[in-house]
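Please consider the following briefing alongside the sequence and the three-dimensional structure.

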Amino acid sequence: MKSFIQIYKEAKNKIVGIAAAPGIVITKAYLFNKEKIEINNGEITDIEEAKRNLEEAIAKSKKELNKIFSLAKEKMEATRAAIFEAQLMILDDPVLLSNINLRIEKERKQPEYIVNDEISKYQQLMILSHESYMAERASDIEDIKNRIIRNLQKKRWQSKIISDLIVISENLTPADTILFSRCNVQGFITDHGGLTSHAAIISRSLNIPAVVGTHNATKHIKDGDTLIVDGFHGYILVNPSQDQIDYFNNKIEKLSELQAGLKELKDKPATTTDGREITMLANVDVTGEIDLVITNGAQGIGLYRTEQVLEELGEFPSENEQARIYSNLSARVYPSPLTIRAFDIGGDKFKFFAFDEPNPFLGLRGIRLLLENITLFKTQIRAVLKASKNKNIEYMLPMVSTISEIRRAKQLIEECKKELIQEKEIFDKNIKIGIMIEVPSAALMTYELALEVDFLSIGTNDLIQYIMAVDRGNDLVSDLYQEFHPSVVRTLYHIVKEADRAHKTVSLCGEMAADTLAIPLLVGIGIHHLSISPSILPYTKRIIRSLSFEKTKKLAEACLTCSTEKEITEKLDKFFKDNSITRTRNII
Amino acid sequence: MIEKKVKIVNQAGLHTRPAATIVKLAAKYRCEFVISKDGMNINGKSIIGVMTLAAEMGSELLLTFEGEDEQQAADEISDYFNRGFDEL
């Protein structure tokens, strides 16, 4: 049988993107159009009719939003649903509505023109403000404006007609994804976004295949086209031939056999054939992923990215709100551990300040930003402490590059503990504190840093980026982002060795752990924990259970002598062949 | 007419949730209610208006109430500001 690579090489009907969530599906396309709404600015003759139309459109919008609002309350924390509540209130806004009605009478223009013009004025004001969250707010308003206009134009509410289809969109908003999560969507394809985009995260949590960052899928796919979506390789085939359909149907069958087999592994440990156990943890971005964490047998959460809370809310949650979110999570995974990472803002994640840093990746991000914003930092520390009653929470600091940052952060944590003791709060006084190793300076100083904290976690995405001095998002140089470059392998080896010397556990939570090719190498280097997306966890566990720790150690030693990435990947490939271990992509 | 100077004291500032609460409180009263900041005057009964205010912690606003029940409205709404929108 042909390999995937051959199939894709020969295919003329392919679209390439980033494989964002595993799985293969064949079904019809549904183009979720965020089409530019055409506004009719024509004159009207019947003012009363225009006003009636407006009233109906508003009533219809209310009905739709009420439905989303109640879904949002189920899927998100009630307070996070505030975005939708505010949108609902806009539909009742006396000032806005009376202005619109007055203008219809005076200007005698189509209501959709007046609605657009009037609401856009407010958006303009929001965008003019230099606070970054105001831009978010303006886009929330865009949502409600377009909803009213769409209802004025009596267009059907698109999200209603979807079921069992693959959704293709330029990008997806939180409101869209909330709706789709109920419509039995079979797959997601987007033009924009990467592995941490909303569509990618939601599809992993819903366990449906997704390909993101295709640049132009919305232009090449039409409503009703038949599609094959391959979320393992990041390919889409548009209107496939019978041969292609047969090939992939066969793959889907094999995949479901494999998945049935993997289910049996759920409660078994990730232990090598010679008894070395790797703790399998899950990375969690959205609360919805928790179900998958549990069903896929993760032994805890190795990375909970709190900045996601900010992205969903578009603003900073209060101490109590954060405490509630964290403590819900802690209860869900109890007694397994929950590692909460402090807000990692800055860089490409969540624009915090109005001014642009000339070089954000080398600027004020992670722990640096938190130490500059003590109130923000302490709010989170207090919330984490308040949520720690179950004693299964650990707190992790991102982007540490010096010892003094750790000491300063620990000092603040102690201050917060004292405050809470005075306030007679119950919390875990011995809460474990860890750091991310993702900066070369921290990697080189692993031993000294490890003595200051309880645990370490390697963030490979940033670490590789900083070691190779390459922006992985920049197409011009992204070839240099080599996760198997000898310098990377040697750095990982150094970190683990030094962590062992300090008797501290070290986990690895970057995308590198999602690459099956990397697994024998990481096991051989001596990593203790792996933290990965819950959807791929069973696949990784299968590989680990077929490895011999002794052999992977030798493999790692051999890789340490290499001088190019190619030599290393060849060694890894050969290792799989020599030990008759099949990579996931080759099984199916 | 009653004027009240208030200061934003909660960390998150005047975000969506307190904006909605302010408008809901104002809706209970008949008096007019205006929020002024940096030369902008916003009708406090309009959610979309209040949402255009970017008021972070430490910023000062002027609340103006005018009408028969202005006293009660001023008391309740300025109290909500002073409580840091119940987020302290």
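Helices (H or I, at least four residues) and strands (E, at least two) are DSSP runs, numbered from the N terminus. By this definition, chain B has three helices and four strands. This is a predicted model, in which local features need pLDDT of at least 70 and side-chain atom pairs count only at pLDDT 80 or more, while totals for chains, interfaces and linings use all residues. Residues are numbered from 1 along each chain as its sequence is written, and chains are lettered from A and ligands numbered from 1 in the order in which they are written.

**The fold of chain B**

- The order of elements in chain B, read from the N terminus, is β-α-β-β-α-β-α.
- Its four strands form an open sheet with the order β1-β4-β2-β3 and antiparallel pairing; two strands pair if DSSP finds at least two bridges between them.
- At the edges lie β1 (2-7) and β3 (40-43) of chain B, each of which pairs on one side only.
- On average, neighbouring strands of this sheet are turned by 25° against each other, direction ignored; such angles run from 0 to 180 degrees between N-to-C directions, and axes are lines fitted to C-alpha atoms, for helices over the stretch in contact.
- Six bridges join β1(B) to β4 (residues 60-66) of chain B in the antiparallel sense, and K4(B) stands opposite L63(B) in β4(B).
- Helix α3 (residues 70-82) of chain B packs on the sheet, where it touches β1, β2 (32-37) and β4 of chain B, and its direction makes about 5° with that of β1(B).
- Of the contacts in chain B with a separation of 6 or more, 72% are between residues 24 or more positions apart; two residues are in contact if their C-beta atoms, placed from the backbone, lie within 7 Å.

**Where chain B meets chain A**

- Contact between the chains involves 20 residues of chain B and 24 residues of chain A.
- On the side of chain B that touches chain A, α1 (16-27) and α2 (47-50) of chain B each supply at least two residues, and the largest share, five residues, comes from α1(B).
- That side of chain B divides into eight nonpolar, eight polar and four charged residues; Ala, Val, Leu, Ile, Met, Phe, Trp, Tyr, Cys and Pro count as nonpolar, Asp, Glu, Lys and Arg as charged, and the others, Gly among them, as polar.
- The axes of α3 (residues 82-90) of chain A and α1(B) come within 9 Å and cross at roughly 35°.
- Among the residues that make this helix contact are A82(A) and M89(A) of α3(A), and T16(B) and V23(B) of α1(B).
- The residues of this contact divide into seven nonpolar, one polar and two charged.

**Burial and nonpolar cores**

- Of the 88 residues of chain B, 43% count as buried; a residue is buried if 20 or more other C-beta atoms lie within 10 Å of its own, exposed if 12 or fewer, and partly exposed in between.
- In helix α22 (residues 537-545) of chain A, eight of the nine residues are buried, including L537(A) and Y539(A).
- A nonpolar core is a set of buried Ala, Val, Leu, Ile, Met, Phe, Trp, Tyr and Cys residues joined through C-beta atoms within 7 Å.
- The largest such core has 93 residues, of which V400(A) and L522(A) touch the most other members.
- Helix α20 (residues 486-501) of chain A gives the most to this core, with six residues.
- A second, separate core of 55 residues includes F84(A), M89(A), I22(B) and V50(B).
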